[in-house]
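Let's walk through this structure together, one region at a time. Please keep the model open beside the text as you read.

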Amino acid sequence: MPPALATGNLDIIPNAHAREVVVDKDGKARGIIFIDKTTGKETRVTAKAVVLAAGACETVRILLNSKSNAFPNGVANSSGLVGKYVMDTVGADLSGQVPALENLPPHNEDGAGGGHFYAPWWLYKEQKAAKLNFARGYHIEMGGSRYMPGGANPAPDDLTRGSYGTKFKEDARRYYGSFVGFAARGEMIPNENCYAVLDDNVKDQWGIPVLRFHWKWSDHEINQAAHAEKTFAELIEAMGGKVHGLKGGQPGFSLRRPGEVIHEVGGAMIGDDPKTSVCNAWNQTWDVKNLILCDGAPFASNADKNPTLTIMALAWRACDRLVDQAKKGNL
Ligand SMILES: Cc1cc2nc3c(=O)[nH]c(=O)nc-3n(C[C@H](O)[C@H](O)[C@H](O)COP(=O)(O)OP(=O)(O)OC[C@H]3O[C@@H](n4cnc5c(N)ncnc54)[C@H](O)[C@@H]3O)c2cc1C
């Protein structure tokens with residue numbers, strides 16, 4: 001923002017809740033209708049080009065709410081694919097208790113925790129040789145150590161078994177810091193059962209329809225979670241530990257709920273064919289060439305890496321292209 005402000009050409013309108021993209025009769029984006037949240041009044045800004053960057057799902061919602069004669073199902077939605085192929089990161093977790101880590105000398109290990117450990121995906125060869133029952137892969141984020149417990153029970157009840165007084169203090173000293181946790185963060189394969197539509201009944205406080213989500217993990221995600229659980233159990237057992245707090249035990253049981261890893265992307269996919277995608281390779285919608293999407297909505301896959309740096313890189317690239325095309329008079 002500082003370099004943009006320094007040009008003197010940037011106006012920031014705070015408390016503006018965008019509702020829809022305005023499209024003229026030539027099919028070009030001509031501005032935004034927004035609600036001024038301080039007054040509740042509907043207002044509009046005009047524009048030579050419109051960039052939506054409201055976060056993947058909100059951008060999808062704005063597109064779907066932008067209905068006109070040219071786009072009765074929402075702007076840039078001639079393919080019918082706006083809202084389709086929404087993704088999150090695949091999350092699966094397992095923790096264990098390791099006797100070798102019991103009764104460690106008490107000192108504060110804050111600052112030397114799980115944030116410093118990361119194992120990238122390692123089974124590329126097996127994946128290539130079709131030895132796995134899921135596509136792509138996951139990385140591992142690890143946690144443990146005797147950091148400040150922050151109010152959590154330092155010694156879980158299933159181990160202390162109701163100990164009390166001096167015995168409980170001994171148990172806490174014994175067990176605290178003897179737990180390790182592993183979290184898989186993996187690639188989701190987009191599928192047609194994961195999508196968002198406008199809700200027919202529920203509206204936000206400004207009367208604008210909200211999104212309703214439909215979701216079904218495919219075998220790729222369930223099998224990937226099961227693979228991670230097995231890997232983590234092997235790691236814990238190789239440390240001489242025992243898996244702790246196993247829920248249910250069905251392979252894939254720890255698969256996080258959709259949206260829980262908060263890496264929602266997709267819904268306006270990039271592609272090379274206007275019939276099977278919403279955006280071209282430059283995050284520019286096929287239908288409205290002066291409308292670009294600069295958040296995770298154009299993602300056509302959701303690699304195991306956290307999404308934000310890729311969102312930023314693509315946004316930068318898309319904006320460079322927008323400026324270039326504007327200068328050439330192509331918008
Ligand atoms: C708790 C948490 C932890 C996370 N950790 C990580 C992490 O470690 N690594 C990582 O890569 N990602 C992480 N993410 C995901 C990351 O936050 C998102 O990928 C990223 O913020 C997306 O950037 P964005 O610009 O597309 O959307 P946002 O950052 O959501 O920005 C969208 C902006 O648009 C505004 N807006 C929304 N709707 C409207 C509207 N109708 N009108 C006007 N303005 C609107 C919002 O107020 C917001 O300012 C995390 C997310 C959460 C919630």
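## A buried phenylalanine

F34 has a relative accessible area of 8% and is therefore buried, where buried means under 20% relative accessible area, exposed over 50%, and partly exposed in between (1.4 Å probe, protein chains only). The residue sits in strand 2; strands (E, at least two residues) and helices (H or I, at least four) are DSSP runs, numbered from the N terminus. Although F34 and H17 are 17 residues apart along the chain, 5.1 Å separates their C-alpha atoms.

This is a predicted model, in which local features need pLDDT of at least 70 and side-chain atom pairs count only at pLDDT 80 or more, while totals for chains, interfaces and linings use all residues. Residues are numbered from 1 along each chain as its sequence is written, and side-chain values use heavy atoms, with hydrogens and water left out.

Strand 1 and strand 2 (residues 29-36) run antiparallel and are joined by 7 bridges, pairing being called when DSSP finds at least two bridges between two strands. Within this pair, I32 of strand 2 stands opposite V21.

## Around the ligand

Which residues come nearest to the ligand? Of the 15 residues around the ligand, they are A18, E58, D295, N306 and T308, with a residue taken as near if one of its heavy atoms lies within 4 Å. By class, this shell holds 8 nonpolar, 5 polar and 2 charged residues. Strand 1, helix 2 (56-65) and helix 7 (308-327) supply at least two shell residues each, and strand 1 gives the most, with 3 residues.

Look next at the polar atoms. An N or O atom in the side chain of E58 is 2.7 Å from a nitrogen atom of the ligand, and a polar side-chain atom of N306 is 3.2 Å from a ligand nitrogen atom. On the backbone side, a polar atom of P307 is 3.5 Å from an oxygen atom of the ligand. The ligand taken alone exposes 990 Å², of which the protein buries 47%; accessible areas come from the Shrake-Rupley method with a 1.4 Å probe.

## Strands 7, 8 and 9

Strand 8 (residues 138-143) pairs with strand 7 (residues 118-119) in the antiparallel sense over 2 bridges. Here Y118 stands opposite E141 of strand 8. Strand 8 also pairs with strand 9 (residues 179-186), antiparallel and over 6 bridges, and R185 in strand 9 is the bridge partner of H139.

## Two positive phi angles

Most residues other than glycine have a negative phi. R161, not a glycine, has a positive phi of about 50 degrees, and its place is in the loop between helix 4 (157-160) and helix 5 (166-175). N283 is not a glycine either and has a positive phi of about 60 degrees; this residue lies in the loop between strand 13 (265-267) and strand 14 (291-293).

Are these residues buried or exposed? R161 is exposed, with a relative accessible area of 72%, whereas N283 counts as buried at 1% relative accessibility.

Terms used
A polar contact is a pair of N or O atoms within 3.5 Å; within protein, one must be able to donate a hydrogen and the other to accept it, and residues adjacent in sequence count only if both atoms are side-chain atoms. Ala, Val, Leu, Ile, Met, Phe, Trp, Tyr, Cys and Pro count as nonpolar, Asp, Glu, Lys and Arg as charged, and the others, Gly among them, as polar.
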